[in-house]
Amino acid sequence: MLSYLSAPIGASIEITKDCNLKCLYCFQGSRQEGIELSTHEICSLIDELARMKVFTLFLGGGEPLMQKDFFQIADYAINRGLEVGFSTNGTLINHSVAKEIFRKKLGRGLQVSLDGSCPKTHDALRGEGNFNKTLQGIRNLVSCGIHPSVAVTVTNHNIFDIPNIVSLAKVEKIRHVHIMCLLPAGFAKEVYGQLDPSIKNWKTLKKTLVELAQKVKGKLTLDWGNRCYEPPTLDFSEKDYSSVDKAFAGCPAGKTKAVIDCFGDVYGCDVLKDTSYNAGNVRERSFKDIWDNSDVFIAWRNRVADRIEGECSKCKWNFACVGGCPAMAIHHGNDICSSDPSCPINQYARKGISQLRL
Ligand code: SF4
Ligand code: SF4
């Protein structure tokens, strides 16, 4: 096994499974059984993460603001020296919640999900009436001096609305737009084939995003981290990468990232929560023991460039990308060391899954 960090750089705790919305492609799916971690258990876990010197803690859900002790938990983590972020659908952010977010200094790591520039687009994916509620939540934040990021999940339904979403973000004084692809997890597994845009449309979108990023420069920033993994500058090469860079390149699961779900089960990634990727439960073993010794995390750390099989092993960017997103490979029936069939560069591997949509 390669050497590994004594703690993840970033950990996520899903502090509740409850959510006030029922989005079409919620990656959490319908798992309901089990007893959720109590606030006391979450705080004990935060103590352990702080002792391990984890840098950032992401509070997820469900909708994290549905956890009755959300602010107490966030406060607790901040006081233990963790940098705290959270993502929300924004619909529960009234003026007093916005003020509390400001008071607790939680605005910096805050991300609001916004999947359309108007009710027609957003509500078809996230439920009727929710565009206006989310927009109001964003406005309440901005009126308190918080300029959040928005996260946009791209689907066939909203791909042509992305430039409008960026324009809206600019008008609403949002500081960053994070463009993400749909990941086949939870409810999204059922609708993935129908909603995931073709590679051709992704390529067009990428060009549009490069132009948009220039246009809004100085007002807001854009990123489009996944689905197209090649580096932004083409003169980037393997000689720029040290052995340390290589040890931590590619998918961060189990190398720099861990996720603890609301039942205490630990995973490398929040979209890979099948039993075979469950590394242990914090009610049975310490998080530190799971991080150091679980077979699941050892397997993640062994996922290095020269173990990637298939087309990605021939790609010139494999040293930095390490086969793309393993969740995509797994969704298409392969294992964590297989090539990501969703990458536009990966011409051969995507045959049979998306060629018909080109
Ligand atoms: S072909 Fe594979 S290694 Fe190359 S950029 Fe795409 S996902 Fe990464
Ligand atoms: S499996 Fe994919 S989504 Fe999950 S951490 Fe790795 S690259 Fe990201």
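The legends below describe a predicted model of a protein chain with its ligands, first as a whole and then in a series of close-up views.

**Figure 1. The whole protein chain, with its overall form and the confidence of the prediction.**
The protein chain of this predicted model contains 13 helices and ten strands. Its C-alpha atoms fill a box of roughly 55 × 45 × 40 Å along the principal axes. A compact globule of 358 residues would have a radius of gyration near 21 Å, and the protein chain, with 20 Å, agrees with that expectation. Buried residues account for 44% of the 358 residues, and of the contacts between residues at least 6 apart in sequence, 73% join residues that are at least 24 apart. The mean pLDDT of the chain is 91, with 92% of the residues reaching 70 or more. Over residues 352-358, however, the pLDDT is below 50, and beyond near neighbours in sequence this stretch has nine contacts in the model.

**Figure 2. The surroundings of ligand 2 and the place of A327.**
Which residues surround ligand 2? They are L183, C251, P252, A253, C269, V271, L272, C325, P326 and A327, and by class this shell holds ten nonpolar residues, with no polar and no charged ones. A327, which belongs to the shell around ligand 2, is also a member of the largest nonpolar core, a set of 89 residues in which L57, L59, V177 and A327 touch the most other members. Leaving out residues up to four places away in sequence, A327 touches L183, P184, A185, C269, V271 and L272.

**Figure 3. C251, a buried residue in a loop beside ligand 2.**
C251 is one of the residues that surround ligand 2, and its place in the chain is the loop between α9 (243-247) and β8 (257-260). Is C251 buried or exposed? Because 22 other C-beta atoms lie within 10 Å, C251 counts as buried. Apart from residues up to four places away in sequence, C251 touches R303, V322, C325 and P326. Although C251 and V304 are 53 residues apart along the chain, their C-alpha atoms are separated by 9.5 Å.

I138 lies in helix α5, which covers residues 130-143. With 24 other C-beta atoms within 10 Å, I138 is buried. Once residues up to four places away in sequence are set aside, the residues that I138 touches are G90, V112, P148, E172 and I174. Between I138 and G62 there are 76 residues of separation in sequence, and in space the two are 19 Å apart, C-alpha to C-alpha.

Helix α3 (residues 95-103) contains I101. How many other C-beta atoms lie within 10 Å of I101? The number is 24, and I101 is therefore buried. Leaving aside neighbours within four places in sequence, I101 is in contact with L106, G107, L110, L141 and I146. For I101 and L141, which are 40 residues apart along the chain, the C-alpha atoms are separated by 8.2 Å.

Most residues other than glycine have a negative phi, and most peptide bonds are trans. In this predicted model, a cis peptide bond joins G61 and G62, with omega at about 20°, and G62 lies in the loop between β2 (56-60) and α2 (70-79). K105 is not a glycine, yet its phi is positive, at about 55°; K105 is placed in the loop between α3 and β4 (110-113). With 13 C-beta neighbours inside 10 Å, K105 counts as partly exposed. K173 is another residue other than glycine with a positive phi, here near 65°, and K173 is found in the loop between α6 (162-171) and β6 (176-181). K173 has 16 other C-beta atoms within 10 Å and is therefore partly exposed.

Technical notes:
Residues numbered from 1 in each chain as written. Chains lettered and ligands numbered in written order. Predicted model: local features only at pLDDT ≥ 70, side-chain atom pairs only at ≥ 80, totals over all residues. pLDDT = per-residue confidence, 0-100. Contact = placed C-beta atoms within 7 Å. Helix = DSSP H or I, 4+ residues; strand = E, 2+ residues; numbered from the N terminus. Rg over C-alpha atoms; globule rule 2.2 N^0.38 Å. Buried ≥ 20, exposed ≤ 12 C-beta atoms within 10 Å, placed from the backbone. Near = placed C-beta within 6 Å. Nonpolar A, V, L, I, M, F, W, Y, C, P; charged D, E, K, R; others polar. Core = buried A, V, L, I, M, F, W, Y, C linked by C-beta atoms within 7 Å.
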